[in-house]
Structures are given as C-alpha cells and as structure tokens.
Amino acid sequence: MTNEELKSKIESDFKDKILSVVLSGQKEVLVTVKPEAYIALCRDLKTKPDYDFQHLSCLTAVDYPKENKITVVCHLWSYKKCHQLTVKLDVDRANPKAPTVEPIWKAANWFEREVFDLYGVVFEGHPDLRRIMMPEDYAKFPLRKDFTDDGFIIKPN
Amino acid sequence: MTDLLLSQIKPGGESPFGTDEYVVNMGPQHPATHGVLRLVVKLDGETVKETMPVLGYLHRSIEKICENRTYPQCITYTDRVDYVSAMSVNLAFALATERLMGLEAPPRAQWLRMIFVELQRLASHLLWMGAFAGDIGALTPFLYGLRERERILDLFEMTCGQRLTYNYIRIGGVMIDILPEFIPKCKAFLDYFEPRIVEYEELLTYNPIFLERTKGVGVISAEVGINSGVCGPSLRGSGVSCDVRKQQPYLFYDQVKFTECLQNDGDCWARYRVRMDELRESISIVRQCLERLEPGPIETKLPPILKAPPASEIYSRIESSRGEMGIYLVGDGTAKPYKAKYRCASFSNTFVLDQLTRGWKVADIMAVLGSLDMIVPEVDR
Amino acid sequence: MGAIFTYFKNILTGFWNLLLGLSVTTKYLFKKTNTQQYPEEKMPLPARSRSMIKLIYDGEKDQFNCVACMMCAKACPNSCIKLEGVRGPDGKRRMTTFKLDFSTCIFCGYCVEACGFDALTFVSEEYENSVYKRGSLLQDEQAMKWNRPAHLAPKPEEPAKVEAAPAGAKA
Amino acid sequence: MGDQIVQWVAGLLRQAYAMLGLSPIAGILDRIVCAVAMFGFVSVFVMFLVWMERKVSAHMQSRIGPNRVGPFGLLQTLADAVKLTTKEDVHPVKRDKIPYFIAPILAFVATFMGMVVVPFDNKVVVADLNIGVLYIIAITSFTVIAILSAGWSSNNKYSLLGGFRSAAQIVSYEVPLVLSIVPIIMITGKLNFSSIVQYQQQAGYWFVVPQFVAFFTFIASATAEANRAPFDIPEAESELTGGFHTEYSGVKFAMFFLGEYVAVVVSSAVAATIFLGGWLPLPFFGFLHLPGFIWFMAKVLFIIYLIMAFRWTFPRLRVDQLMDFGWKVLIPITILNILITGFVVLLLGKGA
C-alpha cells in the first residue's frame, strides 16, 4: 500500500475518530486523532489486518508553547506490510493528560515514561509511571521549550 | 506486573520454604553491565524474581542539546549517542536531515557511506561478541575481537582522522574522499578477517559450556518481541524479518545482494548466531560496494545556511548495528531542529530484560544482557 | 538404549569441541603478539588524524595566518573557541588573542574546515594531549603556535582553498 | 638420586644440631625445617605460577603480559605481593569479626597442608603418610569452610551468594574427585603416594594410559575444587564482582589469591603423582638421567598449564549447570570407570 492509498483508506475508515490526515511534504502519513478516540484508533490500527501496525517504532512528544499544546507522536510500522504511519494526539499544555497505549504495545511502557519524565505528560492507566532519566526528586521537565536551568544549557555563539 | 513464572512454580505465590526476598543492587558500577546501568534484582536464592533497570546515569540530554545546535553541529553529537557504532548514528541523522530538506547525496557518497556503515557494523559486532563472551566468563574472545576491531578503526582513522567519534557522514555527502590506498587496504583486511570468524566460532559456537549457557536461555517469542519493541538482530533471533535495510531500503541497499540473517529459537544462542552471520553478510556487502565504487563528487552543493522547511517533520529509520535507529526531526524554518528525537535500539531492547530474566538464575542476567547488545549511552542518551 | 547412546555422544562431541577451542588458544600462544609498547614504540598517525589543533604561524612574515574572521568560532558546536582581532596599519585584520578550550573541544574538525585562510590545522605529529592541570587545557595562540614545515605548506600553484564556508558546509 | 640428596642434607642438619647442642630434639627440628622449606618452596613456586598464568593468558590473547619488573617481568608477582602487603586493610564495619579474620588464614593454610604428603622424588617427601590419599582429600575440603565463612562474615550480598555457591560446588565435586582416584587404589591397593608411584615404576606404565577417563574427571573435579574457571562460580567476576572475596583487600586478599594457586599446585601434584608417574622419567627420555624432582615438576607444570588453558578458553558454567555436570556426567562416568576397572582387575587377577 502506498502512502497515498494508506491516507485515503484511513480517511474513509476512521472518519469519526480523526481530526485530520495529511500527507506531509516528506510523503509521510500524519494522522491527528480525536483525544477520546485515541485508544480505539490505536487498537484498530494494530489489530485490523489491513493496517497491521504491530510495531510501535517510537513514541515521543513535541512541545508547542505558542499553541499551548503538547503533541504526543506515535510512529507505527508494520513488519508485514512495510508501511509507516504517524499518529498525533494534542494534549493541553497546562494540564497534560493522555491515555496510555501500554496495553496495546508493551513497548510504549518506557517511551511513555520518558515522555512523562521530559515533558510532564501524565499517561493515565500507565502501570509504572515514574521518572526514567532524571532523578526521582527532579521537579522540572527538561524538554519543554520554556525549560531553564542555569548551568545546564551552554548555548553556542 | 505479576510474576507469572513464580506463581506457576509455587501456588499462592508463597515460597514453601518461607524464604525472604533478596534484593541485590547490580551497578551502576558493576563489571558486567557495560557501563553505568543499574539493575535492582530481586532474588529467591539464585533465582531471579524481578529485574528492574534503573536508567539515567549517563543521561546527557542530547535531544535538548540538539535543539540548540544547527543541523550540521548536531552530527557531532550523534557520535556520542552510540559511540560503539558512531557511523550508523551519523548516517541516521544525515539521512533524516536530507529527507527533511529534500536533498540527496551523490552516488559515490552513498557507496562510501555504505562501506563505512558496514565496516562499523563489523566493528560493533566484534566488540559485542567479546563483551558477550566476557559476560559469560570467556575472556579471550574479547581480546580477539578488539584486535580485529583495531584494524577497522585504522581504516577509519586513515580516512577521516578519528577512531571513535568520526563526524564523517555529513549532510549531503561525506566529509572527505577516501585515500587511493584505502581500497586495497580494505580488501586486505576483509581477506584477513574472514578466516578469523571461523576461529571465533571454534572458540564459542559449539563449545558445550557456551551452548549450556546460551541455548534456551532468555527465550523471547516473536509476538512478545514485536509487542515489546525489540528490534534488530535481537528480534531476528526470534525469526521476525525486521531488517530496515530490506524493508525500507535506504542508500543503495536495494542494489546489493545480501540475505537477512534469521534464527527461530529466540534464545541467546540464536541472537549470537544472527550476529555472527551478519559479520559474513557485512563482509560481502563491503566487497560489493568496493566493486561498484565509481569516481564522482562526494557531496552535494549545500546552501550557506541549512534551513528546514517550516512545519516539516520526518521520521527516518535505518538499521544500525544494534537494530532500528529512528530519528524524528521537526523543522520550524530555522537552522536548528525544533525537535530531535533519537529512537535507539538499545532503549527498547533493554526494556525486555525483565521479561527475559524472570525465573532464570543470576548468571543468566548477564548472558541475556550481553546477548541483547545494549550500549548504555544509547539507552540514556 | 537410544538415550544412553545420546548421553555418551553428547559427552564426546562436547569434549571434541572443548579441544577445538583449546587448539585456537594454544595456537595463539606461540604466535607473534599484537601489542605495541606505547611510550617506547610510537606509531606514526595517519596524515589526516585529528589529534591536535594548531594555529599556523608564518615565519617569513612573522605573524599568524589568522585574520580573526570568526568562522571557526561560529562553526564550533561547543563554543570552545574565543578570539579577538584588530585592523592593522596595513588595513588588514589580524588576530590578537586566540583561546581554545581543549577541555570542551570534541575534535569534530568543523573549525579547521571552516577556516578559509589556512590558519588552523590539525597536526598528526603531536598527540600527547594529556596535562597535569585542567587549566593547561585552555590554550592561547602562543601555546598553539605551529611553524609549519616547508614540505607541508600548500603548493603555490594550488593556493589554499579560500572558501568562507559556514558551519558544517565543508571545505 | 633424590635419596642421596636427602641423606646429604640430613647429615648437614645433624651436624648443625650437634654444633648448637640441639641433638636431643632433632626429630622435632627436622619436621620444622621440612615445613619451612616446603613453605618457602611452594610460595616461590606460586609466585612463579602467577607470573606464568599472566604470561600464558597474555600470549593466548595476543598480548605480551608483564614485562616491566625484572627480566621478562618475572618479579611482577613480587611487586604485586609487596603492593598488597603494604596496602591499607579495608574492611566492612558490620562484618562478623572472627570468621572474617580467620577465613583467609584457613584458606591459605588448609591448601598448603596438602603439599606435605606429595613425594617430589623417591623418598623426598615431608611426611610419607600411608593414608596420603585420604589425607589430601580431607585437607583440601577445608577450603569450603574458609570460603563459606568469608562469604558469610563479609556482610555483602555478593559474598554470601559466592560462599553458598562454593559450598554447593565443593560438596558436589568432592565425590567425583574421590571416585576418580578409587580405580587407582583398586589396582595398587595402596593409599600411599610413594607406593603408587613405585607401582607404576614396576608395572612399566603410567596410570594415565589405562585410566585416562579417571585422569580427565580428576582434572575437571580438581579444577572445580580449586574454584578455577570454568568452575569459578564462587567468584564469577562478571556476576558477583568478586564473590566471596569482594570485601577483602590487602594481605587478606593476597592470602585468598595465593590459596587458590596453592590449591592448583596441590591438585596438579596429586594428578602428576597418581596418573603421570610422579618422579619417573618420561618414556624414551630416561637416558637424560635428570633428577626425579625435575621430571615431577615438569609434569606438574604441564597439568597446571592445562588448567590455565581451560581458564582462558572456556566460558563459565552456571551454578545449576555446574551441579548437573558434577552429578549427571562426572559421577556416572567415574562409577562406570570403577565398575570396568573392577572387572578387569578381577579378570587379570592383579588386584591387591
């Protein structure tokens, strides 16, 4: 399935679950999902044989302070069909909460812990949501754009 | 998480002998954790009840650093993500940036990249083999592996001037062309190296002690492996075809002949065999690349300041020595990445350590850890 | 009976494979060793080796080649180069102070590649970079001064590449 | 020849006693002199062995090994010993003091005591016990107490694991060790080492020829008894950092370290005596007329080399696999060997 076909198929199959699906300038399919349908969409993407996204390649987040949102980004891959998909979920920056996809892909366990650690996104239902990189008693979220900690960041000339 | 294995052995989860839990803190300075990884291990006698990896001792926040550097400057930091296989990470970042900006390197640069990445895979697997054998008590293969690795590093140093952190594969090409004497030296090395693999196999592969220690130990099934995000040679040991070089060919991997090495058992021995077979495959790939190398430019003309298109993003994957290496870049129209995420193979491979070691003995933690080929800087970044 | 047969067969094949392993190590026992005794035996590094950064000093003109164009400082990902320059009486800029902090330098080579005036170079002959005090790693232009031997100088017919390359674009 | 040297030395000693007026207690003094001489000899030999192991391992790994102190680095071990003895003795605060202190001494002394019954040459032996074989087996098992108490008293989790592993290991491997000597005793009918060698001299063959199975099982169990790789699970540095001696430093560590090597020497000496004909010359090399002592040492060194080669070639077994190997492979084989030997001895009517 080419990326164009994948895009149109997702458009027709999950009309009620997604906000938008676009083909990026780099020819990747980007799906922005409705927050309430996030888990359902992910489960469908994994189980439906047409999609077969067995492999959660990567889960991360991007901070957009200007739009007051943090986007949780899942990169999916299918070993059998060899196609790639990006699922995006926007969460509120002031009170970042997202459902966990750990029951669907176990691999999400540590990825979500990392996002929690570095962005402060709370994954509801996660079995073991602790800081993973930073010390347990660290209070800040380093990968947020407004993070400041003198002595941590050396900016180049 | 429930401890499945123990509840199977002892109904009710209670030990019939009334023994206490024995918590051993392995690391962060333990001789076999390959760096500053800390494992909190709960034991019942010699049997492992739970292994909890504690990460972050080598966390340098490379992703944050990259947000404050220009794209070319980021490449110098990719060397430090996985310093055992720095070329692969160089390549991953360079490819991601090129795809983000719609650039393409000239053919000679692509072939050179393939040569160096495959040589790097050899070097990395050699170090892995030594460390793995060392973990289960055979100290000699480590020295043999390093001896051959030094020769590969000599080739690297001759070309780009560094032995460990190369900064060789650049956006739009490579740093510098190879010297004329590189090709004969490289061929001589490959000829020297191929019989050495037989020696390693004589030392390890069918050694009864090695078989005892690795066969059937730390078995991971294909389904669990895929679901837990295991990738690279570790997953191929479970019989899953997951080589990015085959699935999503980059560079000229679709133009060279090589087979994806697969084993079906999913145990430490299968993972070992996959990597030993990959040594041979890499040799054959380097040979083919050397044959097809033609003169030409080694870099594309780049704009004076490299800028990503606004609101652009790319998730680009390559097969590094340890498995799937993904780079997620978000561009915002400036010369610096808005977000750079390194998806490292070791990170997701270390995650399964707990599942693989439950119910096994203390010594098997080391065997499994070694067979997964994890590199702590790549886990922590 | 079959089980007993396999039992002994396993023991014998195991024994054979152990002997095979022993033969490899015993073979190397009598082979030439691979060690280089470093302080006594020094290997010449390849010419491209990035071992020590030096400022090229022009003995004839009695001045450094550097004109303080700042390209190296801009290219440096770790901002470990600090330099200043003034406009001389002949109207050309000249470097006055040059400081390179080797404790943060990662030897990526961008400064040397960015230099368009043949002023910075890697020297493969000097690689004894260890010092006793951390402060000694902050080197100034006098410490980095390098009088280039004639045979290494760029040939007159092919002048040094003048290319005001930005960070990362290579020379 | 060894006989004459002993006579000569004894004569010298007698003269010395007479000069000092100590003739009435000559018997006690003889024992003391023998013990000191043995201690000195074994200490120097062990130092040489440490050097040899480092050299052998280095060359097996394409390295050079020690080459700085003395010619070919021969004095490296001496330098290390000086370093270890002058080091600060760091110990855990919450240790169990008495066992912690006794353990290294016990490990050191117990292994040393084994050497006294081994004949270096015809009649050159400190104590020619008529139950020498039993004595050796009893004495070498002392190490387990040392290791167990070291592991327990260190108050360290790795040490405790190591100590228990060692207990399990030595108890298991004592059995095949004894069982592999039994056929020899069945053939010779003697428990005295000198008699066993003399039997081999009269029979005209070494016991390694008819009893090669016993030879290999003996070497394997002896390696395990001495806690050497591939059976070094009590110290298993990749799992347990240092096992039972994790918390020991300085002189105490040196004692454990030397104790391990002495154990290797004792095992090799016993193997050389029982299976390789002790002081007897190599077949076809008898014309060299070298003292029996030289032949004996050459055989000991050969077996030590084998044990070293094992260490630097093979991976380490896991603790349960070690038990499996001991109980499921070594013991059945040795018992089978005893059965077959018994049959043959009965058939040939050679037994005692």
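Visitor: Let me start with one side chain: is B:D265 buried, partly exposed or exposed?

Guide: Partly exposed, with a relative accessible area of 40%. Keep in mind that this is a predicted model. B:D265 is also a handy way into charge pairing, as B:D265 forms a salt bridge with B:K215.

Visitor: How should I read a salt bridge, and how far apart are the closest N and O atoms of B:D265 and B:K215?

Guide: The general idea first: side chains of opposite charge can pair when their charged atoms come close. Here the closest N and O atoms are 3.7 Å apart, and the cut-off is 4 Å, so the pair counts. B:K215 is partly exposed too, at 39% relative accessible area. B:D265 sits in the loop between helix 11 (244-247) and helix 12 (268-292) of chain B, while B:K215 sits in the loop between helix 8 (208-214) and helix 9, 50 residues apart.

Visitor: Which residue forms a salt bridge with B:R358?

Guide: That's B:E50, again with 3.7 Å between the closest N and O atoms. This pair links parts of the chain 308 residues apart: B:R358 is in the loop between helix 14 (353-357) and helix 15 (362-372), and B:E50 is in strand 3 (residues 47-54) of chain B. B:R358 is buried, with a relative accessible area of 10%.

Visitor: And over in chain D, are D:R228 and D:E53 buried or exposed?

Guide: Both are buried. They form a salt bridge with the closest N and O atoms 2.9 Å apart. D:R228 lies in the loop between helix 9 (212-225) and helix 10 (237-240) of chain D and D:E53 in helix 2 (residues 26-60), so the bridge ties together parts 175 residues apart in sequence.

Visitor: Which residues do salt bridges with shared partners join into one network?

Guide: The network takes in B:E118, B:R121, B:R236, B:D243, B:R245, B:E278 and B:E319. Over all chains, the structure holds 57 salt bridges.

Visitor: Now for chain B against chain A: what area do they bury between them?

Guide: The size of an interface is often given as the accessible area lost when the parts come together. For chain B and chain A that comes to about 3,900 Å², 57% of it on carbon and sulfur atoms. The contact takes 44 residues from chain B and 47 residues from chain A.

Visitor: How many salt bridges and polar contacts cross over?

Guide: The rule finds four salt bridges across this interface. In one of the salt bridges in the model, A:E114 pairs with B:R381, with 2.3 Å between the closest N and O atoms. As for polar contacts, the count is 22 residue pairs. On the side of chain B that touches chain A, strand 6 gives the most, with five residues. The residues on that side split into 18 nonpolar, 13 polar and 13 charged.

Definitions and conventions. Residues numbered from 1 in each chain as written. Chains lettered and ligands numbered in written order. Predicted model: local features only at pLDDT ≥ 70, side-chain atom pairs only at ≥ 80, totals over all residues. Heavy atoms only, no water. Contact = heavy atoms within 4.5 Å. Buried area = accessible area lost by both parts, 1.4 Å probe. Salt bridge = Lys/Arg side-chain N within 4 Å of Asp/Glu carboxyl O. Polar contact = N/O pair within 3.5 Å; in protein donor to acceptor, adjacent residues only side chain to side chain. Helix = DSSP H or I, 4+ residues; strand = E, 2+ residues; numbered from the N terminus. Nonpolar A, V, L, I, M, F, W, Y, C, P; charged D, E, K, R; others polar. Buried < 20%, exposed > 50% of the residue type's maximum accessible area, 1.4 Å probe, protein only.
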